[in-house]
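Subject: Structure handover

Hello,

Here is the structure for you to look through. My notes follow below it.

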Amino acid sequence: MRVDRSTSCDPLFKRSRGGIGNTAASCTPCASVAFAASGSAVWELALLKTPLLLATASRVEEPVASSLGAAEAALVLGRLDDLDIEAIAAAVAGILPDKTLRTRLSGAAANLVDGNGVERVVDQM
């Protein structure tokens with residue numbers, strides 16, 4: 001993960017009440033891009049406006065990756081089992097220098113979430 005060091009955040013660890021934490025919320029505010037499986041953490045990354053490179057680790061994750069790719073909110077690299085380090089490195093090398101692409105991805109991802117999902121779930125219960 002490449003980090004924009006012009007900001008004041010510590011991208012590796014932040015102190016929290018529970019000690020040192022490495023959740024997406026504490027580690028990604030300075031990230032130029034995140035490479036992640038297409039599980040539930042992508043929604044937190046989207047809310048944090050982090051440009052996403054996604055892979056799927058299981059079939060359950062494929063609809064999430066597909067929908068984020070179709071919304072142009074992430075670049076989907078395919079199945080994690082089918083990727084090698086060279087393919088991942090090429091994707092990272094392609095997105096890092098392209099600020100326009102990263103801005104477009106992060107904006108589209110952020111438009112998919114509003115941080116109020118918990119309230120909507122509770123309202124339906």
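The largest nonpolar core has 14 residues. A nonpolar core here is a set of buried Ala, Val, Leu, Ile, Met, Phe, Trp, Tyr and Cys residues joined through side-chain atoms within 4.5 Å. Buried means under 20% relative accessible area, exposed over 50%, and partly exposed in between (1.4 Å probe, protein chains only). Val 42, Leu 45, Leu 52, Leu 54, Leu 68, Ala 73 and Ala 74 touch the most other members of this core. At least two residues come from each of β3 (34-37), α2 (41-47), β4 (52-56), α3 (62-70) and α5 (99-110). The top contributor is α2, with three residues. Helices (H or I, at least four residues) and strands (E, at least two) are DSSP runs, numbered from the N terminus.

A second, separate core holds seven residues, including Val 33, Leu 53, Ile 95 and Leu 96.

This is a predicted model: local features need pLDDT of at least 70, side-chain atom pairs count only at pLDDT 80 or more, and totals for chains, interfaces and linings use all residues. Residues are numbered from 1 along each chain as its sequence is written, and side-chain values use heavy atoms, leaving out hydrogens and water.

Now the overall layout. There are six helices and five strands. Along the sequence they run β-β-α-β-α-β-α-β-α-α-α. Of the 125 residues, 35% count as buried. Among contacts between residues at least 6 apart in sequence, 42% join residues at least 24 apart.

How far can you trust it? The mean pLDDT (the predictor's confidence in each residue, from 0 to 100) is 81, and 76% of residues reach 70 or more. Confidence is highest in strand β5 (residues 75-79), at a mean of 97. Strand β1 (residues 14-16) is lowest, at 43. Residues 1-8 have pLDDT below 50, and this stretch has 14 contacts beyond near neighbours in sequence. Residues 10-21 are also below 50, with 18 such contacts. Where pLDDT is low, the predicted coordinates should not be read in detail.

Met 125 sits in the segment after α6 (117-124). Met 125 counts as exposed because its relative accessibility is 79%.

Best wishes

How values were computed: Contact means heavy atoms within 4.5 Å.
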